[in-house]
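Take a look at the chain below.

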Amino acid sequence: ELNLDCSAGGFANVELQSVTGEPLPGYTLADSDRIYHNNLRKIVTWKGQADLSSLTGRPVRLRIQLRDSKLYALQFADKSSATPR
């Protein structure tokens, strides 16, 4: 989940990477669904999917691409307790 403020032309994309910086298949910037607008708890998705269960226990790096946006917070949350936004 992201808490971010995107201006009128702003957006964000998120990529998950291995610890060595290689994009993880299915979680690349190209797969990332672009996020627009202001969001308090925006669930990040890649081609409409938010499930990260296959990555449980694995260390990952985040690459967050922002344009005219401010990122205030992020968290990994249990999807079953999150409300889609």
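Glu 1 sits in the segment before strand 1, which covers residues 2-17. This is a predicted model. Is Glu 1 buried or exposed? Its relative accessible area is 12%. Buried means under 20%, so Glu 1 counts as buried.

| Side chain | Partner side chain | Distance |
|---|---|---|
| Glu 1 | Arg 41 | 3.1 Å |
| Glu 1 | Gln 75 | 2.7 Å |

How far is Glu 1 from Lys 47 in sequence and in space? In sequence, Glu 1 and Lys 47 are 46 residues apart. In space, their C-alpha atoms are 16 Å apart.

Which residues make the nonpolar patch of about 420 Å²? Leu 62, Leu 66, Leu 71, Leu 74 and Phe 76 form it. Leu 66 belongs to strand 3, which spans residues 61-74. The relative accessibility of Leu 66 is 38%. Partly exposed lies between the buried limit of 20% and the exposed limit of 50%, so Leu 66 counts as partly exposed. A patch residue needs over 30% relative accessible area, and Leu 66 has 38%.

Last comes confidence. The chain has an average pLDDT of 91. A score of at least 70 is reached by 92% of the residues. Where is confidence lowest, and where is it highest? It is lowest in strand 2, residues 39-42, with a mean of 92. It is highest in strand 3, at 96.

Notes: Residues numbered from 1 in each chain as written. Predicted model: local features only at pLDDT ≥ 70, side-chain atom pairs only at ≥ 80, totals over all residues. Heavy atoms only, no water. Patch = residues over 30% accessible without salt bridge, like charges linked within 9 Å, V, L, I, M, F, W, Y side chains within 5 Å. Areas by Shrake-Rupley, 256 points an atom, 1.4 Å probe, with all protein chains shown as cover. Salt bridge = Lys/Arg side-chain N within 4 Å of Asp/Glu carboxyl O. Helix = DSSP H or I, 4+ residues; strand = E, 2+ residues; numbered from the N terminus. Buried < 20%, exposed > 50% of the residue type's maximum accessible area, 1.4 Å probe, protein only. Polar contact = N/O pair within 3.5 Å; in protein donor to acceptor, adjacent residues only side chain to side chain. pLDDT = per-residue confidence, 0-100.
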